[in-house]
Amino acid sequence: MPGQVQSIARAAAILRLLASSSGRLGIGEIARSLDLPKGTAHGIVRTLQDVGFVEQDKTSGKYQLGAALLHLGTSYLDVNELRSRSINWADPLAARSGESVRIGTLLDGKVLVVHHVFRPDDTLQTLDVGSLLPPHATALGKVLLAYDVGAANAVLQGEPEPYTRRTLVTPRTLSRALTEIRDNGWGAEIEEMTLGEAGIAAPIRGYGGLVVGAIGLSGPVDRVCDGKSHPRPALVAYVRDAARAVSRDLGAARW
Amino acid sequence: MTDSYVVSIDQGTTSTRCIVFDRRGNLVSVAQREHQQHFPRPGWVEHDALEIWRNVGKVVPRALVEAGIGVDQIAAIGIANQRETIVVWDRRTGVPVAPAIIWQDTRTDALVETLSEAAGADGLRERCGLPLTTYFSAPKLRWLLDHTPGLPERAERGEVLFGTMESWLIWNLTGGPDGGLHLTDVTNASRTMLMDLRTLRWHPDSLAFFGIPAAMLPEIRSSSEVYGTATTVLPGVRIAAALGDQQAALFGQTCFAPGDAKCTYGTGSFLLLNTGEEPVHSDHGLLTTVGYQIAGRPAVYALEGSIAITGSLVQWFRDQLDLITTAPEIETLARTVDDNGGCYIVPAFSGLFAPHWRSEARGVIVGLTSYITKGHLARAVLEATGWQTREVVEAMNADSGLDLTALRVDGGMTANNLLMQFVADVLGVPVVRPMVAETVSLGAAYAAGLAVGYWADLEGLRSNWHLAARWEPELDETIRAEERENWQRAVERTFGWIKPEARAANR
């Protein structure tokens, strides 16, 4: 059996202490109560503050439980916040790739389009923020399913709609595709939703690596894929770079 | 072949940013550093100009490192800056004689009232295109001369220099006490109240009216020309553009044709309309200003409508009312309801700006009933920005005789989809967002790149502009008219809140 992780045990103790306290607590008080060096207590409290479990009062500098703890069960990143934080990275992805860019999250088993950047060719295009896409037939959706077991199971147990001959509809092909996405760190869709169209997407991660959304591009299959019907490596790199940049902004350390 | 790039320095109200752009106008890297805001007394806002200059020295190298490029790959530097803010410094030591007085600072309230009754105040607006208010540079400079012992004499002798932020940075970049160039550009000069809009020169009557010694003023140059070569920070690189930040955004949005307009949505919002080579004087409370001038060409003028409180209303909702934890959540909260429920918020926190210019007005929330939820309030917050935009557009259409056909937008609030849709709905014209959101920096880069031949011409810059999003008006015309009227009635309820006696006592 693996050993106990000391800092997690201490973090839990700090949360219990703050929960049982009648008022806010300062670092000194927390450190004394738990018999921890002040620096150690401070490091843990700061991390808890970063993830939203603890809040610091602006005037007194003391700490209390954070609002995020009350909403643990619900989505922790507001979709409008996600758009706002990713807008500066979605634009360059569209500019570099020459294709339209979308950011999505899962909502009730569908992909909710949170942000949409037009293909930079100044042709007539319609903003489709707020629309819903099928998760099994889009690159964004498959990437999101790959990191969400519950949503993936719901799709696998349902009857995914076949949009084209290439849409993945059997549990076997779909779960194999999701495994591949987890192995590669990105995913693609080639004519699985619309004939002649393809897409590439990668996960956006927040604190601790939690996947909070996906960013991807889509366009005509002959532009997105090379002669051997593989997604073009340069485009894959652009998508992954953009996903990493947004993740970094959201506080994901390693990605 | 090594690629070359253009660097822009955006010296803003809260931070100084350096952005590296490539030939297609794509953002390559960004570095940013905030500086301290000083509020020594109610209504006073100051910056430490030396801290800002030090920040330039930090962000520029950082942006280059992040882009992985060297100084020899920089084709030119362009500067965009917070407007109207003043610095006065000793030309021998380079040390400011006082903290920089920021555009928001209202310490000149009483001075402005006195000046507006003085002889010579009449011709001022016609000459400079601006109403006599606390925002512009000349009253601030007059105040500083009045309140710094010995300063008027030192200014007469040319021992101290005056400048807006771009003058301060260019002087320091080109050597400071050791041969630094003391100059400004037409857009920044047009915000001082001292420049004649037609001749683009300091006007002796305006100088006399404010009592400003000519010896302390910078030379006025175009917005896009090689001013000189940097000797520090980016040694050897040509400094080739300077524009006030809002004019830079106009340039970055490639609003080069009369009738082109852009609105930058930030803490406050600024709508500028290109009116071509003739200044258009406003009968509806707008400012007449220089949009830009390319060296050797006539200046291009603009009408400007400033809205004081837009993004800052969302911040107020977050920080003072505590109804949301981050600014973007306002959209989530607003979407919990279908409409404003009859509630309107007019954020006249420090009076109303364009087109009303009512300094005695104060904010109101009207239409409150027990039905109203925080969702309705969130809607009313966003709608306030939409209606204020509409008021400014109406004034511009009336003044210019041009009918706005589309509004180009940029700034942080363009991430708010509900707001952008609402702006399109209340204006009745499409709202379009370009691919590069950093239009202020991009505009300064464009103007600099143009001056050194990095970009060939305005057409070349236009072809860099790409549509990233477009919101079409969807609101029914009858509802739009009704809501417009409701907003107007709400605005009227803000008028006259501060009593004349209270204002007199504050003088």
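This is a predicted model: local features need pLDDT of at least 70, side-chain atom pairs count only at pLDDT 80 or more; totals for chains, interfaces and linings use all residues.

User: Where is H116(A), and what makes H116(A) count as buried?

Analyst: H116(A) sits in strand β4 of chain A; helices (H or I, at least four residues) and strands (E, at least two) are DSSP runs, numbered from the N terminus. Buried means under 20% relative accessible area, exposed means over 50%, and partly exposed is what lies in between (1.4 Å probe, protein chains only). H116(A) has 2% relative accessibility, so it's buried. Residues are numbered from 1 along each chain as its sequence is written, chains are lettered from A and ligands numbered from 1 in the order in which they are written, and side-chain values use heavy atoms, with hydrogens and water left out.

User: Which side chains make a polar contact with the side chain of H116(A)?

Analyst: R102(A) does, at 3.5 Å, and D128(A) does, at 2.9 Å. The rule asks for a pair of N or O atoms within 3.5 Å; within protein, one must be able to donate a hydrogen and the other to accept it, and residues adjacent in sequence count only if both atoms are side-chain atoms. Contact in general means heavy atoms within 4.5 Å. Leaving aside neighbours within four places in sequence, the contacts of H116(A) include V101(A), T126(A) and, from the other chain, A468(B).

User: How do you know how big the interface of chain A and chain B is?

Analyst: The size of an interface is often given as the accessible area lost when the parts come together. Here chain A and chain B bury about 1,900 Å² between them, 50% of it on carbon and sulfur atoms. Buried area is the accessible area (1.4 Å probe) that two parts lose on being put together, summed over both. The contact takes 21 residues from chain A and 25 residues from chain B.

User: Why is the pair E331(B) and R83(A) called a salt bridge?

Analyst: The term needs a side-chain nitrogen of Lys or Arg within 4 Å of a carboxyl oxygen of Asp or Glu. In E331(B) and R83(A) the closest N and O atoms are 3.0 Å apart, so the pair meets the 4 Å rule. On the side of chain A that touches chain B, the largest share, 10 residues, comes from α5(A).

User: D108(A) and M193(B) each have a positive phi. Which is buried and which is exposed?

Analyst: D108(A), with phi near 50°, is in the loop between β3 and β4 of chain A. Its relative accessible area is 76%, so D108(A) is exposed. M193(B), with phi of about 80°, is in the loop between α7 and β10 of chain B. At 1%, M193(B) is buried.

User: What makes β15(B) mostly covered, and which strands does β15(B) pair with?

Analyst: In β15(B), 5 of its 5 residues are buried. A261(B), C263(B) and Y265(B) are on one side, with K262(B) and T264(B) on the other. Pairing takes at least two DSSP bridges between two strands. β15(B) has 5 bridges to β16(B), running antiparallel, and 3 to β21(B), running parallel, so both meet that rule.
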